[in-house]
Amino acid sequence: MKKILLLIALTMSISNAQANDLFGFLEGAGQHVKEEPADTAELVTLEPRESEMYPKVSPNGKYLLTLTGKSKNSWISRRAIQNGDPLNTVTDDLAALASVAWLGNDVTFLSSRTGTLGLWQKSADGEGLMRRAKELTGKLKDITLLKDGSLVATRLIMHGHDKHMKKQHLDNFNNWAVAGTHGYIVHISTDGSEKRLSEGFHPAVSPDGKRIAFSMPIGRSIHLFMMDVDGKNLAELSDVRSIDIQPTWSPNGQWIVFTSNRSHADMRGGKKNQWDIWAVTREGKRLTQLTLDKARDGAPSVAKNGYVYFHSDRKIDKVLKDEHQVQGNIGRFHIWKVQLPQ
């Protein structure tokens with residue numbers, strides 16, 4: 001009774017509008033408020049007991065390459081970009097899992113199938129001959145074959161014990177830190193001569209072939225940089241206390257899209273990082289956060305239709321399972337898409 005009298009006295013001392021707000025609050029206090037989605041990302045791939053990671057959009061915008069895994073097996077698959085349906089297996093070569101790239105209608109990837117490291121090329125539909133495009137040495141990753149036949153890649157320099165490459169686990173979200181190595185961006189000429197361009201990793205060559213966007217450690221942070229393909233005109237694109245990695249270019253060369261923990265950065269290497277997809281213009285302007293989910297979003301790839309494809313371990317609810325006609329267990333990572341800013 002005292003509580004009721006107190007409430008009446010309180011409402012008499014405030015305006016009608018304030019009283020309505022107060023009673024509205026009291027009526028809604030015990031109700032569940034539906035949580036709005038963090039962003040507008042759409043699910044693309046979903047297969048039973050399968051994970052899909054590291055999407056790469058084809059130059060014609062019709063297909064995706066994904067690192068696909070099921071049980072203890074992993075392979076590179078080609079998928080229809082429209083609905084994410086798998087079309088064929090490209091390769092299950094161990095070295096290809098971290099090096100596959102598009103080259104027109106073909107794909108290139110690293111392989112040691114002949115006993116020595118080489119860059120191999122084959123049709124993305126899995127048919128026809130597979131040929132070695134270039135013989136290589138040492139430890140390389142993030143390879144791009146340029147139009148003149150030269151290569152841009154990350155050279156890994158060992159500073160610990162050399163261990164044999166193990167099969168990549170499909171929950172390996174962190175593909176930028178290879179234990180016991182230090183990375184350098186290199187240009188390998190057609191005659192095999194090699195030039196070290198910069199410290200760093202994840203080199204992404206612009207559509208016109210003139211610039212390279214890449215990541216470089218700065219203290220405990222990792223920042224985005226850009227330079228000419230010969231290493232000149234170095235410029236820094238990001239300089240906040242964060243880890244900015246996996247840069248990629250939009251097909252028109254105007255945007256650089258990347259993965260970052262800058263919205264909730266934990267530089268101590270803990271588990272409080274929120275990994276999102278971000279975009280910035282090649283001039284370092286219009287920094288835009290594209291995804292806002294608390295999950296791990298990463299490895300963006302941009303299509304001609306303005307969509308950014310990326311992998312994420314977001315929660316998959318029953319509605320999404322029903323839409324993709326999938327029941328039972330599913331893998332942790334799947335491919336999603338979100339639009340670039342207009």
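Rings of Phe, Tyr and Trp pair here if their centres lie within 6.5 Å, with the six-membered ring used for Trp. Planes under 30 degrees apart count as stacked, those over 60 as edge-to-face, and the rest as tilted. By this rule the structure holds five aromatic pairs. Keep in mind that this is a predicted model.

**Whole chain**

Start with everything shown. The protein has 342 residues, and 49% of them count as buried. Colour by secondary structure: there are three helices and 24 strands.

**Stop 1: the aromatic cluster**

Select Phe-173, Trp-176, Trp-275 and Phe-333. Ring pairs link these four into a cluster.

Zoom in on Phe-173 and Trp-275. Is this pair stacked or tilted? Their ring centres are 5.8 Å apart and the planes meet at 50°, so the pair is tilted. Now trace the backbone on each side. Phe-173 sits in the loop between strand S11 (151-158) and strand S12 (181-188), while Trp-275 belongs to strand S20 (residues 274-281). The pair therefore ties together parts that are 102 residues apart in sequence. Phe-173 counts as buried because its relative accessibility is 4%, and a residue needs to be under 20% for that. Trp-275, at 8%, counts as buried too.

Stay on Phe-173 and turn to Phe-333. These ring centres are 6.1 Å apart with planes at 15°, so this pair is stacked. Phe-333 lies in the loop between helix H3 (318-323) and strand S24 (334-339), and the pair thus ties together parts that are 160 residues apart in sequence. Both Phe-173 and Phe-333 are buried.

**Stop 2: the nonpolar cores**

Select Leu-65, Ile-76, Val-107, Trp-176 and Ile-245. In the largest nonpolar core, which has 23 residues, these five touch the most other members. Trp-176 was also part of the aromatic cluster. Next, colour strand S2 (51-57), strand S3 (63-70) and strand S7 (106-111): these are the elements that give two or more residues to this core.

A second, separate core has 17 residues. To find it, select Ala-41, Trp-255, Phe-310 and Trp-336, which are among its members.

**Stop 3: Val-107 and the strands around S8**

Go back to Val-107 and show its contacts. Beyond neighbours within four places in sequence, they include Leu-65, Val-90, Trp-102, Trp-120 and Lys-122. Which residue in S8 is the bridge partner of Val-107? That partner is Lys-122.

Now select strand S8 (residues 118-123) by itself.

Pick Gln-121 and look across to Arg-131, its bridge partner in S9. Gln-121 is also one of the contacts of Val-107.

**Stop 4: strand S22**

Select Ser-301, in strand S22 (residues 297-302). Is Ser-301 buried or exposed? Its relative accessible area is 8%, so Ser-301 is buried. Look for the polar atom of its side chain: the backbone nitrogen of Val-57 lies 2.9 Å away. Val-57 is also on the contact list of Ser-301, along with Pro-55, Lys-56, Thr-248, Tyr-307, Val-308 and Tyr-309, once neighbours within four places in sequence are left aside.

Move to Ala-299, also found in S22. Ala-299 has a positive phi of about 55° although it is not a glycine. At 9% relative accessibility, Ala-299 counts as buried.

**Stop 5: His-202**

Finish at His-202, in strand S14 (residues 201-205). What is the phi of His-202 near? The value is near 55°, positive in a residue other than glycine. His-202 counts as buried, with 6% relative accessibility.

Key
Residues are numbered from 1 along each chain as its sequence is written. This is a predicted model: local features need pLDDT of at least 70, side-chain atom pairs count only at pLDDT 80 or more; totals for chains, interfaces and linings use all residues. Side-chain values use heavy atoms; hydrogens and water are left out. Helices (H or I, at least four residues) and strands (E, at least two) are DSSP runs, numbered from the N terminus. Buried means under 20% relative accessible area, exposed over 50%, partly exposed in between (1.4 Å probe, protein chains only). A polar contact is a pair of N or O atoms within 3.5 Å; within protein, one must be able to donate a hydrogen and the other to accept it, and residues adjacent in sequence count only if both atoms are side-chain atoms. Contact means heavy atoms within 4.5 Å. A nonpolar core is a set of buried Ala, Val, Leu, Ile, Met, Phe, Trp, Tyr and Cys residues joined through side-chain atoms within 4.5 Å. Two strands pair if DSSP finds at least two bridges between them.
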